Amino acid sequence: MNRRSILLAVLAAFLVALPLFAGNYALSVATLILYFAYTGQAWNVMMGFAGQLSLGHALYVGVGAYAAGALFYHLGIGPWAGVWLAIALCVAFGLVIGFLAFRFSISGVYFALLTIAFAEFTRIGFDHLNFIGGPGGMFLRVAQRDAWDLANFRGPPLMYYYAILALTMAAFALCSWLLKSKAGYYWQAIRENEEAAQALGIASLRWKLLAMAISSAMTAVSGVFFAFYYNNLFPEQIFNISRSIEIILGPVIGGVGTLFGPVLGAAVLTLLSEGITESLAALGWEIPGVKQVFYGVVLLAVVMFMPNGIWPALAKRLRL
Amino acid sequence: MKRRQFNTALAALAATGAFPSLARAQSQKLKVGVILPRSGYLGFIGQSCQKGADLAPDVIKEMLGVDIELMNADFESNVDTARNRAERLIQEGANVLVGPFDSGAAAAIAQVAEQRGVPFVINIAAAPQITEQGYKYVFRNFQTAIDIVREGLDLIGELFQATNVVPRTAVYMHVNDTFGQAMTKGIGAMLPRRTQLPFKIVDTISYDPAAKDLTVEVSKAKAANADFLLLVCRLNDAILLRREMVKQRWNPMGIISPGSPGMYEEQYFKTLGKLSEYSISNVPWYNPKAKLTQVVEKAFLKQNPKDKLVFHGLNAGFTFEAILIAADAFKRAKSTDPKTLADAIRQTNITEKMTLGGPIKFNQKGQVEGIKSACVQNLHMLPTVVLPKEAATAKPVFPVPGYKKA
Amino acid sequence: MPAADLVANVVVSGILTGLVYGLMALGLSVIFGVVRVVNFAHGEMMITAMYAATVLFAALNLDPFLAMLPVAAAFFVFGYVLQAAVINRFITRPEHSQFMLLVAIAIILVNAMLMVFGPDARNVQVDYQLDSYQVGPLLVDKARLLAAGAALVAAAALFAFFRYSLTGKAIRACADNYLGAKVVGLNVKHLYALTFGLGAACVAIAGCAMVVLVDVTPPLGPAYTLLAFVIVIVGGLGSMAGALLGGVLIGVSEALAGLFIDPSAKSMFSFGLLILVLLLRPQGLLGRRA
């Protein structure tokens with residue numbers, strides 16, 4: 001346990017100090033890694049803690065992004081207020097989906113397909129909502145990008161890096177606390193054997209819904225960050241099923257249900273992706289599609305030989 | 001001071017870069033970062049644009065006497081990747097960025113360029129907002145969606161005048177994506193005010209760009225019984241639509257696009273053969289009679305002996321011009337310093353160009369005004385400029401031969 | 001209010017297209033019904049079959065309908081090997097692991113296609129491709145009719161196999177009662193692999209039929225996977241008639257939604273239908289409650 005704390009502290013220090021020696025490109029890659037680490041962590045609450053496989057998590061990113069984005073675009077309301085609307089809407093969505101699913105005993109693959117259906121339904125729906133830009137997209141006005149304007153969340157890339165770093169650390173802390181709390185134990189019981197848990201008097205519906213609410217709320221914040229970092233939103237891209245898959249790649253590769261899995265997974269995958277691109281460029285193999293084939297093969301290898309994810313195997317090796 | 005000491009001192013000074021301009025002007029290359037989607041769903045367009053980029057260094061060396069080095073990056077039709085690639089190119093020393101064809105990626109790269117103070121010349125992207133953000137380092141040598149619609153509608157009027165035909169009704173089909181929506185808004189705003197276009201749109205049918213089956217859409221369109229089809233499409237759906245029209249035996253006066261990709265692309269011809277004939281697209285295009293066009297065409301054929309420039313008219317033409325703009329600015333600025341380059345780009349005034357329209361001059365927003373569209377009709381299996389008359393190499397055919405009022 | 005013959009035409013076309021979609025979904029239903037693995041690479045397998053058909057057409061001028069035999073055979077082998085060698089050990093693993101495995105396979109397939117064939121759309125150009133029959137007010141697309149016919153024949157063959165052959169019955173036994181099947185001495189691993197092979201063969205036939213109607217591009221894969229799932233859920237897992245029925249239902253409802261509402265929103269309708277079915281009758285229209 002102590003070894004872990006030391007490692008965590010070192011990692012945190014490294015990340016905080018990163019901008020001092022990393023160039024802008026490295027910083028943008030690091031921001032992307034942290035974004036996926038944070039969103040993956042949010043997804044992990046639903047999957048790893050409550051055992052519900054959500055394959056449509058892009059729904060929350062999109063709704064959160066559009067909620068805060070629309071408030072800023074139409075009414076000039078900054079993200080600190082906008083984020084509450086984002087969270088409220090996403091939690092509502094999450095609870096509705098959760099309630100419908102659990103009430104009708106949808107689980108496993110069927111639940112996953114339900115989440116996909118909701119995400120797709122919303123994607124096409126937003127494509128037809130013209131007051132938030134429709135398929136043409138919503139472009140948020142970028143006033144300035146030199147000074148750190150925290151109120152409107154505008155500034156240099158450095159500001160965004162620290163913001164997402166703070167979010168990721170907060171998420172880590174939150175999940176760590178949750179796991180050790182009563183909720184954590186109830187979730188574990190429900191995940192292992194729901195019927196036995198119910199027999200013991202655990203109101204599984206309530207706890208599962210709580211997990212869905214927390215997960216969707218956290219993901220909403222991710223969406224708000226996305227909106228103000230990228231400054232333009234297209235329904236076709238943000239709600240796309242490939243986004244949902246991107247979100248879960250990190251935790252699944254890193255280790256579902258573990259605290260550090262999503263972070264490690266996000267880092268490994270992004271660095272792998274950039275690394276393959278660089279190597280292929282160096283070798284001169286620039287045929288379109290080659291990179292993704294390599295990427296797919298690595299994914300396949302990890303899934304086949306490290307079924308619980310990289311982190312558990314690594315942790316055992318390092319005796320953490 | 002003795003000679004040797006003087007020489008040593010000179011060498012030392014030179015080494016510290018005290019004679020920067022002299023050294024740079026002689027051996028400097030302009031590093032152009034070319035960001036295009038060469039894989040992913042925009043893959044085939046990105047590769048088309050790349051052809052325009054690949055022929056640029058030699059042509060520009062001939063024309064302007066400057067050396068440019070291309071740094072190619074593929075953003076895989078993904079906006080996140082576009083941002084990273086842009087950062088990477090800048091880090092590796094790109095002095096200017098060129099690309100990316102897609103509006104979403106353009107917006108992302110524009111932010112990076114602005115933040116890092118590196119000029120970004122957009123080859124093709126139609127979303128008007130990109131040059132409305134007050135950026136100082138972003139330049140676009142392409143029409144906005146609003147320009148495209150205006151030019152497109154005007155050309156339709158010219159077409160009717162030139163062929164002495166006055167259709168009264170049209171059915172408007174459009175793809176429901178970024179592009180289609182912008183065009184629809186533009187058409188809705190501008191059509192009522194154009195008195196030389198007396199046709200009415202009797203039905204509007206929007207469809208999903210990813211649709212694999214357009215039977216219903218075509219059935220609806222046919223049932224509207226309009227004189228001609230006004231179409232905003234992309235390549236794959238254009239092919240599907242044309243085939244479906246044949247299956248459902250619907251033969252309107254013609255298919256006219258007021259400005260969208262698809263019907264002039266090589267794949268359209270290859271797949272549809274004779275059926276591709278007579279489709280009309282009003283799009284920004286290169287002037288087949290311009291001197292620069294001949295030069296570029298020769299260079300294109302050298303690199304792509306089995307291909308024809310005309311199939312990449314829009315993609316390669318504008319990509320080449322974007323690099324030309326960068327090189328021209330470099331020649332005038334005599335420096336690769338980004339800020340100097342950006343200022344030089346702002347002063348651009350290129351009259352010897354290959355695309356249609358007035359000289360390349362940027363307004364305050366970094367947008368070139370006065371880019372004209374051409375009425376490009378598929379004739380003899382080639383996209384052919386039929387209007388405006390000065391650039392035309394053939395006469396327009398409208399209505400299609402064999403058209404009978406149903 | 002659209003005219004009656006317009007509605008009729010749209011419905012007929014919806015039924016025919018729906019049957020081909022149904023055949024594609026049939027493969028998925030069979031695999032899921034028996035092996036209980038969610039084949040998220042289903043659409044990608046479909047487009048691989050479509051590409052195979054274009055290659056055979058380009059090289060040998062082989063009509064896609066004739067190409068069905070060799071392509072289906074090849075896919076049968078591919079499916080068998082894939083299941084036996086790779087997927088089999090994932091049967092007992094959690095769903096997200098299975099999902100990841102097949103997503104990885106899907107990524108590899110799609111991008112391998114991109115590498116080999118490039119991003120341009122590929123197609124076959126057969127003479128009868130654009131013919132249509134006029135039957136009163138109806139215009140029936142010849143190619144679509146043939147494709148639907150092939151789908152029905154393949155489905156019937158599969159149905160007969162499962163109903164009347166010994167192996168078919170053995171497979172059904174595995175699906176019904178895994179433990180029981182093992183106790184009785186059935187070689188479950190082999191039967192699973194066989195099933196996957198058959199499912200893949202179905203997809204191959206559907207692909208060959210589809211390539212006459214639609215050009216194939218790499219991004220088409222994921223779209224078909226999603227469509228297959230919608231159909232299978234609506235029609236009922238493990239039910240072959242259900243897959244066909246689901247296909248027809250989705251085909252017709254999308255067509256009608258496109259006609260009466262907005263064509264660009266017609267997919268919304270299918271997903272809405274999926275949500276309703278999942279909530280109210282998760283076993284689908286013709287499936288049995290697990």
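This is a predicted model: local features need pLDDT of at least 70, side-chain atom pairs count only at pLDDT 80 or more; totals for chains, interfaces and linings use all residues.
Residues are numbered from 1 along each chain as its sequence is written, and chains are lettered from A in the order in which they are written. Local features need pLDDT of at least 70, side-chain atom pairs count only at pLDDT 80 or more, totals for chains and interfaces use all residues, and side-chain values use heavy atoms, without hydrogens and water.

The size of an interface is often given as the accessible area lost when the parts come together. Buried area is the accessible area (1.4 Å probe) that two parts lose on being put together, summed over both. The table gives this value for each interface.

| Interface | Buried area | Carbon and sulfur atoms |
|---|---|---|
| Chain C and chain B | about 2700 Å² | 52% |
| Chain C and chain A | about 3600 Å² | 85% |

**Chain C and chain B.** Four salt bridges cross this interface; a salt bridge is a side-chain nitrogen of Lys or Arg within 4 Å of a carboxyl oxygen of Asp or Glu. Asp141(C) and Lys247(B) form a salt bridge through their side chains, at 2.7 Å from N to O. Helices (H or I, at least four residues) and strands (E, at least two) are DSSP runs, numbered from the N terminus.

**Chain C and chain A.** Here 39 residues of chain C are in contact with 40 residues of chain A. On the side of chain C, His96(C), Met100(C) and Leu279(C) lose the most area to chain A, together 18% of what that side buries. Between these chains the count of salt bridges is zero, and one residue pair is in polar contact, both at pLDDT 80 or more. Helix 4 (95-117), helix 9 (220-235) and helix 11 (266-280) of chain C each supply at least two residues to this side. The largest share, 15 residues, comes from helix 4 of chain C.

Methods. Contact means heavy atoms within 4.5 Å. A polar contact is a pair of N or O atoms within 3.5 Å; within protein, one must be able to donate a hydrogen and the other to accept it, and residues adjacent in sequence count only if both atoms are side-chain atoms.
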